[in-house]
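Take a look at the sequence and the structure below. The report that follows goes through some local details and then the way the chains meet.

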2 protein chains.
Amino acid sequence: MINDHKAYAQREKAYMQGNLYPDVKVGMTKVNLTPTVTKDADGKTHVEKNEPVYIYDTSGPYTDPNYTVDLKKGLPPMRQQWIADRAQKGQGITQMACAKAGIITPEMEYVAIRENMNCQALGIESHITPEYVRQEVARGRAVIPANIHHPESEPMIIGRNFAVKINTNIGNSATTSSIDEEVDKAVWSCKWGGDTLMDLSTGNNIHETREWILRNCPVPVGTVPIYQALEKVDGKVEDLSWEVYRDTLIEQCEQGVDYFTIHAGIRRHNVHLADSRLCGIVSRGGSIMSKWCLLHDKESFLYEHFDDICDIVAKYDVALSLGDGLRPGCTADANDAAQFAELDTMGELVVRAWEKNVQAFIEGPGHVPMHKIKENMERQLEKCHEAPFYTLGPIVTDIAPGYDHITSAIGGAQIAWLGTAMLCYVTPKEHLALPNKDDVRAGIIAYKIAAHAADLAKGHPGATIRDNALSKARFEFRWRDQFHLSLDPELALQYFTEAGHTDGEYCTMCGPNFCAAKLTHDLRKIKH
Amino acid sequence: MINDHKAYAQREKAYMQGNLYPDVKVGMTKVNLTPTVTKDADGKTHVEKNEPVYIYDTSGPYTDPNYTVDLKKGLPPMRQQWIADRAQKGQGITQMACAKAGIITPEMEYVAIRENMNCQALGIESHITPEYVRQEVARGRAVIPANIHHPESEPMIIGRNFAVKINTNIGNSATTSSIDEEVDKAVWSCKWGGDTLMDLSTGNNIHETREWILRNCPVPVGTVPIYQALEKVDGKVEDLSWEVYRDTLIEQCEQGVDYFTIHAGIRRHNVHLADSRLCGIVSRGGSIMSKWCLLHDKESFLYEHFDDICDIVAKYDVALSLGDGLRPGCTADANDAAQFAELDTMGELVVRAWEKNVQAFIEGPGHVPMHKIKENMERQLEKCHEAPFYTLGPIVTDIAPGYDHITSAIGGAQIAWLGTAMLCYVTPKEHLALPNKDDVRAGIIAYKIAAHAADLAKGHPGATIRDNALSKARFEFRWRDQFHLSLDPELALQYFTEAGHTDGEYCTMCGPNFCAAKLTHDLRKIKH
C-alpha cells in the first residue's frame, strides 16, 4: 500500500515476538539505514554501519506486503484467541480486573514491547515491562482500550508513564461525507500515526458507518454515544432518556467500540456556571446534556445512571472517557468555575468506575492560554486521582482560525510534557469545516510532533534514538535516510525534489559555499 | 493592494498621532465590527455595538489606499526629519545615546503608541509609555533598530517587556531566486506580519538586491555581513580579513541596514568544543569564522576588532545582533559547552557595545528539547545582562522535516513566554530548500501565533482584546468579523466558503442539530 512509494523504500514491516505469550507479535516499522562513508586525510575510505531504527507503527496490517487488503472482509481478529482464553479461564473481562488480580494479559505484554522497541533492539534499559504495565493498569494510571468485540485492534496504552498518544476525530455530519470517505479517512489516520480514532458521525447511517470503521480499524475506536441517541429521537433534546441512551450504549458495545465519551460530569446545579462565559458551552455533548437538565429541571440521567453505565461497559471492557462538557471554548473562559466544578465531579466518577473494574480517563480542554496550562494538569492529577488525562489541544490563542492545528500543538506539547497521556488532534479546519484527508494528515503530523516533543522532554526510554539517527543522517547528507526517519517522508522528499536537488552535499537553502555542515566536515579535517 | 480583497473588506488603515511629537503618525489596522443583533423571548430585537479592534500593523504604506506604490521610487522617508533634527541639535546619533541622555526621541513615542493601540482606544492602562521606552532602551533591555540611512522604516522595539516580535529571513543563494522575487518576498513578509526582515542573500547581486529591499521595506532590515565579505574573496574562507569585512560593514551601514548579525562570540580556543557534537556547527557564519580561526590559528578578527566594529556602527545607529555561531544544530547538541562558552563571550561583548552606546541583542538557538529551554533563557538573562534575546525557534524535535515551522513554533512560544524578545521564524522548507512565498506566509503565521501566545501568557497590555473580540464573533456567528480579526483572513474565508457555507448559525463541522454554540444560545433563553 504505502511501501511501493519511493519515500518509503528503506522502510519495512517487522514484528517482535512476546516472551510470556509467543503468539504476541507486535508490528513495527523498521527503517534500514545506509552506512556512513567517509574519506580520511590520506584518501582512505571508512565505512560505518548505522543501526536500523524501529518506529512505533499504528498502520496495522495495511503496511504488511504479505497482507491482502479486503475491506469487506475486515482485518484479522488478532486478539480473538486471547479473549476466548480469558473467558474460558473465568478471568475478569476487563484489563483492569486482570491487572488487579495480578494477571499479565497478552495485551499488556504487547504494549510493553510496543513502547520499547528501540530499547529492546539496542539493549537500552527501560522501566516499561509487562509487569509495570500491569501495575499501572491496576492503579488506574493507564488504560488499554480494548473492547472484547473489537479483536481487530492492536493493543495500545494510554498513561502518563508511557509514550504520549494522539487521537484523531473523523465522522460525517448531516451535511457532508459518505461511508466510503469515512473508512478511507480511518485507514489514512492510522497510516499517519493516529493512536486511537473517534468516530464522531452525527449524520445518516451512523450504525453502518461505524461497523465499517470498526471491522477495518487496527486502532481503538471511540464514540460519543449521545450523538446517536439524539439522532434516534430526531434531534429533540427533550426526548432523550436513559432508556434510549442505554440501548445505544449496548448497541455500540456489541459492535466493538473501545471507549465512550460520556458527559456524566455535568450536574444540574452547575449548568448556570457557564452563563457568564464569553463562549458558553462548546462541547456538543455538554450543550445537549445541559439543555436536557434545564428542560426537565432534573439531574442528568448520565450522572444518575453512572453505575448502570459502568455495569454495562464492564461486560465488554469498554473504557470510559469522561467528557468535559463544560470545557472552555475560548481562552477567556479557561480555568473557570464551570470547568473546575465538572472536573471535581469527574474525579468522583472515576473512582466509581474503578470500583467496577472499568478503565477510565478524563477529557480536558480546549482553549487555555499558556500560563494557565499547568494549573489544569496539576488539578486534574489531584482531583482525578491520576487517571489519564486526554486533552483537546489546548489552543493557546484564539486569533488563528485556519491554523488551529498549530495553536493547539503548542498547548498540546506543553500539557503532554506536564503529564497528559493522550492528545486529541485538531486540524486546520477546526472552527470552520469538517476536515478532508489533507487536513487529517496535517493535524496528525502536528500532534505527532507535540507528542514526541513531550516524550523527549519527559525522557521516555529510547525517545531520542529517532531524533539522533535523523540528525546524524542530516549532518552526513544521507538525505534519503533522513526522510525515511521523518514523520512525513513523502512531504520531505517532495520539497527536496521540487527544489531540483540531487543527493549532493548541500541544498538550495545555502548553496555549496555556505553550507555549514559541509564547512564543519572540512573543519574536522583541520588539525586543532 | 490587499484592501480590495473581500477578506479584508472591514479592515481600514488608521493612524494615531503622537502627543510629544505631532508628526508621529503610527499606522495600524482598524477592524470595524458588525453589531450583535439578538431577539429576546418576546421577539424584540436588541442591537449591541461592537467596538473596533486595532491590530499592530507591519505592512507599512502598502495597505494605505491613499498611497501609490512605486518600487522604483521607494517608500517615503518618514524618519528623515527626525534624524536631521537630532543631528542639528547635536544629540547623540543612537537611540541608546539619546535614551541615556534623558531624551525621548520620536521613535520612542512611536513605538509606545504602537505597542498600546487598543489600550489607548479603550482606555486600558498600560505600563508602556514613551518614558518607559526610553528607560528600557537606556538600560539596554530593549532595542529600536533604526539606521539613520533607512528613514523608510517604521520604528519598532525589541525587548522582553514589549510585544514579542518575529523576524523573517529572505534572500537568494547561489542556486536560486532573483531581485524581483526577493523584493516581492520582503513586501509579502511585511503584509503577513514580519516585524523585521533579514536579507540573507549569498548569491549574485547582493548589494543591488539589498538596495531594492531597503528602499521598499517599512520594517528594519538585518544582514549577516560575513556573507558578502566571503563573496568578495570568492568564497575562500582563508582570504577573509578584517579589512574586507570592515569595508563591507561600512558599505552596508551606508545603505541603511538596521542590524548586523556578527559572530564575534567565537573564540579560537572554544572551536574544539564543537568537535564531539552530533551535528557540529550549523551556523553558516559560525562555521566560516571557526574555519578561519583554525586555518590561521588566530583569534577571530571579529572578536579582536569588536571595538572598531562598535565605533563604525555607532555612527549610523546600526544595532548589533550577536550571532550564535555555535548554536546546537540538533536536540542532542543543545545546552552544551560550545553553546554556553559562546554565550559567556557574548555577555562580555554586549557590555562593550553598550559602553559605546551601540544597541545590541543576542541570538539564541536553534534546536532544544522542551526541558532544556528554560535553562537557555535564564542563562542568557544572567550572562548577557538582560540584553534582548532573539532565538531561532527553538525546534523541539528533529523528526519532522517539512514541518519545522511547527516544531519550532512550539519551542518559540515557550521561550518567548519565558522572556525572549524576538523569534526568528522557520518555514516548512527549513533543512530542505529555500522558502517560496507560500512558505514565508506559513512560517510567519506560525510565528505570529507563537509570539501572540507568549504575549497572552506574559500579560502584555491589551493582548487579550483581539482574542476576545474574535471569540465573541465566533460564538455569535458573526463569521466575517471572526475572519477579519484573524491572522490570516484569506485562508479562513477560503476554508469557510470552500465548504459551501453561507453565514448561517452553524457550520459543516457539526451541522445544524449539533452546534454547541447554537444550543447554548437556546439554553440561555431557558429560565434556570
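## A buried isoleucine

Ile362(B) has 0% relative accessibility in this predicted model. Buried means under 20%, so Ile362(B) counts as buried. Ile362(B) sits in strand 13 of chain B, which covers residues 360-364.

What is Ile362(B) in contact with, leaving aside its neighbours within four places in sequence? The list includes Leu322(B), Leu343(B), Met346(B) and Val350(B). Also among them are Cys384(B), Phe389(B) and Tyr390(B). Asn270(B) is 92 residues from Ile362(B) in sequence, and the two C-alpha atoms are 18 Å apart.

## Backbone exceptions

Most residues other than glycine have a negative phi, and most peptide bonds are trans. Some places here depart from that pattern.

Start with the peptide bonds. In chain B, the bond from Pro365(B) to Gly366(B) is cis, with omega near 5°. Gly366(B) belongs to the loop between strand 13 and helix 14 (373-383). In chain A, a cis bond joins Gly393(A) and Pro394(A), with omega about 10°. Pro394(A) is in the loop between strand 14 (389-392) and helix 15 (404-418).

Now take phi. Phe477(A) is not a glycine, yet its phi is positive, near 60°. Phe477(A) lies between helix 17 (463-475) and helix 18 (479-484) of chain A, in a loop. Asp297(B) is not a glycine either, and its phi is about 45°. The loop holding Asp297(B) runs between helix 10 (284-296) and helix 11 (301-304) of chain B. Are these residues buried or exposed? Phe477(A) is buried, at 9% relative accessible area. Asp297(B) is exposed, at 54%.

## A nonpolar surface patch

Val69(A), Leu71(A) and Trp212(A) make up a nonpolar patch on the surface. Together they have about 230 Å² of accessible area. Val69(A) is partly exposed, with a relative accessible area of 39%. Val69(A) is found in the loop between strand 5 (53-56) and helix 1 (80-89) of chain A.

## How the chains meet

A rotation of 180°, with 0.0 Å of shift along its axis, places chain B on chain A with an RMSD of 0.0 Å. That is the relation of a two-fold axis. In chain B, the residue closest to the axis is Ile410(B), with its C-alpha at 2.3 Å.

In the interface, 106 residues of chain B contact 106 residues of chain A. The two chains bury about 8900 Å² between them, with 71% of that on carbon and sulfur atoms. 100% of the interface residues of chain B are also interface residues in chain A, so the copies meet through the same surface.

How many salt bridges are there between chain B and chain A? The count is two. Lys291(B) forms a salt bridge with Asp522(A), and their closest N and O atoms are 3.5 Å apart.

How values were computed:
Residues numbered from 1 in each chain as written. Chains lettered and ligands numbered in written order. Predicted model: local features only at pLDDT ≥ 70, side-chain atom pairs only at ≥ 80, totals over all residues. Heavy atoms only, no water. Least-squares fit on C-alpha atoms with pLDDT ≥ 70 in both. Contact = heavy atoms within 4.5 Å. Patch = residues over 30% accessible without salt bridge, like charges linked within 9 Å, V, L, I, M, F, W, Y side chains within 5 Å. Areas by Shrake-Rupley, 256 points an atom, 1.4 Å probe, with all protein chains shown as cover. Salt bridge = Lys/Arg side-chain N within 4 Å of Asp/Glu carboxyl O. Helix = DSSP H or I, 4+ residues; strand = E, 2+ residues; numbered from the N terminus. Buried < 20%, exposed > 50% of the residue type's maximum accessible area, 1.4 Å probe, protein only. Buried area = accessible area lost by both parts, 1.4 Å probe.
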